[in-house]
Amino acid sequence: MASRYAPKTVLAHMIQRRNQTYSEIVAEFVELGGTITERHLRRLASGERAGTTPQTRRTLQRMFGKQVEELLAPYVPEQAAQVVPAPAASGRITTGNEMEVLDMAASRARAFALAAQSGLGSEAMEQVYDDVRHAATAYPQRPLPEILGQLVETQDLVFALLESRQRPENHRQLYFLAGVTGGLLAKASHDLGNPHAALTQARTAFLCADNADHHGLRAWVRGLQSLVSYWAGNPHDSVRYAQLGAGYAEQANSTTSVWLPVSEARAWAALGNPEATRAALERAEEAWNSVRNDDLDDMGGLCTFGRNRQLYYAADALAWLPGEVDQAQRYSSQAVDAYTDQNHPEWAFGDAAGSHAAMAITRIASGELDGAADALAPVLTLPTERRINGVVHSARRVHQALRQSGRADDARELQEEIETFTRTPMQTFNR
């Protein structure tokens with residue numbers, strides 16, 4: 001029986017009225033095709049968390065007969081007279097979307113496999129790995145609103161597993177996965193324009209990397225910190241984080257040994273130092289001679305750094321430097337071409353947009369205003385859910401280049417289009 005504390009949310013009140021324990025609610029939740037941990041449910045009921053995936057929202061609504069916004073609202077005593085619906089009967093799920101049914105069935109199987117073991121076996125650990133790997137590969141290619149809720153729940157699951165009794169041999173693997181999910185959420189916080197939250201997630205991710213004793217993961221988190229600092233307008237911090245990770249990258253010999261120096265290069269470029277920029281770009285190219293993928297690279301997606309991203313970073317760096325226009329044009333052209341194929345495993349909408357912005361800046365420097373407008377056109381048509389922080393900042397850099405070109409009057413229409421685009425970044429959405 002649920003304890004008779006004063007409920008903080010309507011959800012907590014309704015759980016009390018149903019005279020069920022949280023573990024019983026979770027079991028019913030899984031039976032209806034949802035996936036949730038008891039810890040996550042308790043945090044929702046206590047008002048500590050409000051983020052939910054679409055699947056979690058649907059299942060809660062089926063169970064309690066109310067919209068999630070109403071369930072998570074503060075409870076007031078006047079609501080006590082409301083009738084609590086009986087538990088939803090299990091049975092055949094009917095929907096017009098067969099893929100949704102299959103996803104729900106897979107989530108139920110996943111939750112059952114994890115809940116059925118007091119200590120993670122090989123199959124359950126493989127499932128957790130698969131969840132994190134899926135998030136890493138989906139992140140660069142899908143709009144953040146589509147994956148953020150699942151990413152938060154995955155982190156919640158990994159933290160809950162670390163806090164529960166597990167076999168000692170599982171702890172290092174779980175800390176590795178906690179570091180990866182923390183890094184992905186650091187990127188998500190950055191993409192939503194919250195560098196403070198991003199660096200907080202990154203610090204925790206680095207702690208997890210330490211507990212996992214994983215050099216590649218340590219270097220990767222330093223790369224994320226460098227990225228966040230660069231876009232937050234703190235290039236000195238960006239250089240510092242890239243250099244802090246260099247030793248770990250050298251020991252790992254993973255693709256982070258390319259990512260860190262090329263990240264350092266564009267921070268140096270933002271500081272107006274062409275010599276340090278060129279030296280860092282050369283170190284990044286040389287690093288490919290000793291790269292061997294580690295288990296972090298094997299996650300794919302945001303967890304690895306390929307040549308396409310190297311082209312984009314180099315173009316982004318050189319676009320800062322007036323004396324490197326020819327090189328910047330060459331790299332930006334190669335980067336745009338590299339991101340043409342949206343079916344390529346390395347395709348990422350944010351990096352593709354950044355490549356087009358770098359090309360626009362180099363064309364402005366060459367006096368090609370029409371060419372700059374053509375280069376930026378694919379960026380300005382991105383839907384709101386893909387206007388992440390880095391994309392918006394890249395567009396603003398093009399606007400700045402136009403102002404500084406001395407031909408702002410000739411490019412007034414393009415400037416106005418950029419201003420309209422940057423006024424509606426991705427900020428809030430239904431989770």
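Predicted model: local features only at pLDDT ≥ 70, side-chain atom pairs only at ≥ 80, totals over all residues.

Colleague: What makes Tyr230 and Trp231 an edge-to-face pair?

Modeller: Rings of Phe, Tyr and Trp (its six-membered ring) pair if their centres lie within 6.5 Å; planes under 30 degrees apart count as stacked, over 60 as edge-to-face and the rest as tilted. The structure holds six aromatic pairs. In the pair of Tyr230 and Trp231, the centres are 4.9 Å apart and the planes stand at 75°, hence edge-to-face.

Colleague: Why is the pair of Phe305 and Tyr313 called edge-to-face?

Modeller: The ring centres of Phe305 and Tyr313 are 5.3 Å apart and the planes lie at 85°, so this pair is edge-to-face. Phe305 and Tyr313 also belong to one aromatic cluster with Trp259 and Tyr312.

Colleague: Why do Tyr230 and Trp231 count as buried?

Modeller: Buried means under 20% relative accessible area, exposed over 50%, and partly exposed in between (1.4 Å probe, protein chains only). Tyr230 has 6% relative accessibility and so counts as buried; Trp231, at 9%, therefore counts as buried too. Phe305 is buried at 2% relative accessibility, and Tyr313 is buried with a relative accessible area of 2%.

Colleague: How do you know that a charge sits over the ring of Trp259?

Modeller: The rule asks that NZ of Lys or CZ of Arg be within 6 Å of the ring centre and within 35 degrees of the ring normal. The charged end of Arg309 meets it over Trp259, 5.4 Å from the ring centre. Arg266 likewise lies over the face of Tyr313, at 3.9 Å from the ring centre.

Colleague: Which residues does Asp351 contact, leaving aside its neighbours within four places in sequence?

Modeller: With contact taken as heavy atoms within 4.5 Å, Asp351 is in contact with Arg309, Tyr312 and Tyr339. Asp351 lies in helix H17 (residues 349-365), where helices (H or I, at least four residues) and strands (E, at least two) are DSSP runs, numbered from the N terminus. At 15% relative accessibility, Asp351 counts as buried.

Colleague: Where is Asp297 found, and why is Asp297 called buried?

Modeller: Asp297 is in the loop between helix H14 (274-287) and helix H15 (307-318). Its relative accessible area is 5%, so Asp297 is buried. Not counting residues up to four places away in sequence, Asp297 touches Ser254, Thr255, Arg292, Cys303, Thr304 and Phe305. Asp297 and Thr255 are 42 residues apart in sequence, yet their C-alpha atoms are 7.0 Å apart in space.

Colleague: What makes helix H1 mostly covered?

Modeller: Of the eight residues of H1 (residues 10-17), seven are buried. They are Val10, Leu11, Ala12, His13, Met14, Ile15 and Gln16. Asn19, which follows H1, has a positive phi, near 60°.

Key. Residues numbered from 1 in each chain as written. Heavy atoms only, no water.
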